[in-house]
Amino acid sequence: MILSKRHRIQFPSVDTTKLDQDEAYFFLVNDHQSDERRRIRFHDYAAIYSEPGLYEQLFYERLKCDSPRKVTDALHYTAEHERDNLAEMRVLDLGAGNGIMGEELKKHGVARLVGVDIVDEARDAAFRDRPHIYDDYLICDFTNLSTAEHEELVNWGFNALTCVAALGFGDIPVPAFLQGVNLLQTDGWLAFNIKETFLERSDTSGFSRLIRELIFSEYISLHHVERYVHRYSIEGKPLFYFAVICRKEKDIPADFCDHLG
Ligand SMILES: C[S@@+](CC[C@H](N)C(=O)[O-])C[C@H]1O[C@@H](n2cnc3c(N)ncnc32)[C@H](O)[C@@H]1O
């Protein structure tokens, strides 16, 4: 990554334990001389990516996020176990952000790497901070791809899909993830992470039910699940996630989501 300036990040004085993960916020002190500051939500990615190095300083340094390395390593050794090789993979990185996952994948020398995100600022930040990572980077909505976008993506012949720190919490919805799976060739790899509560039966939200339904469906086969600390909360509590590695068996029908309502 291209080195950038250090930011003054302040966490709120109040106890934020009761806030949902996507409601958490911090203050960014604008100027080192005055104490003027801006309140920014953790999920205001456009604002965060616009400040070089802020995403890394907040999530990776201060809150110790480790997911890109964890999920890449899990994909690497699961594939290796099946005599497959990351270096031969043509990867679609969904919810690519400013390219941290792409950077991890690139360490293994993947054959092709295409990023996708929904906000322009993500692509701008990836090209600004990690200009040599992606072969292409598309801004589009996977729940509503145009024919031209779909054709362009099919032409890459993807045999791996990664989606890190981007599923749930108002980020990538299940139908968009299913579209990603359907862009994969049969036997292609899926590597993603998910908050542990999404796999618990007590979580009956539509999102959790769909994800559980998908993981144990005939459309994909489960190869590896690992519980680990994704990052810490503002209050210092570990947030546990699962790293999940699967293989695609067949295309998922368009009505997959319908029967769960
Ligand atoms: C927490 S960031 C993760 C970025 C990167 N994967 C990483 O591990 O650092 C989540 C990303 O998902 C993107 N995102 C949210 N909803 C999306 C959608 N419907 N389609 C594509 N990307 C989406 C956000 O814009 C954001 O860049």
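This briefing describes a sheet and a group of salt bridges in a predicted model. Local features need pLDDT of at least 70, side-chain atom pairs count only at pLDDT 80 or more, and totals for chains, interfaces and linings use all residues. Residues are numbered from 1 along each chain as its sequence is written, and side-chain values use heavy atoms, with hydrogens and water left out.

**The sheet**

- Seven strands form an open sheet with mixed pairing, in the order β6-β5-β4-β7-β8-β10-β9.
- Strands (E, at least two residues) and helices (H or I, at least four) are DSSP runs numbered from the N terminus, and two strands pair if DSSP finds at least two bridges between them.
- The edge strands, β6 (136–139) and β9 (220–232), each pair on one side only.
- Strands β4 (residues 90–94) and β7 (residues 160–163) pair in the parallel sense over 3 bridges, with V91 opposite A160 in β7.

**Salt bridges**

- The structure holds 14 salt bridges, each being a side-chain nitrogen of Lys or Arg within 4 Å of a carboxyl oxygen of Asp or Glu.
- E56, E103 and R130 are linked in a network of salt bridges.
- In the bridge between E56 and R130, the closest N and O atoms are 3.0 Å apart.
- Because E56 lies in helix α2 (residues 54–62) and R130 in the loop between α5 (120–129) and β6, this pair ties together parts 74 residues apart in sequence.

**Burial**

- Buried means under 20% relative accessible area, exposed over 50%, and partly exposed in between (1.4 Å probe, protein chains only).
- E56 counts as buried at 9% relative accessibility, as does R130 at 5%.
- E103 is partly exposed, with a relative accessible area of 24%.
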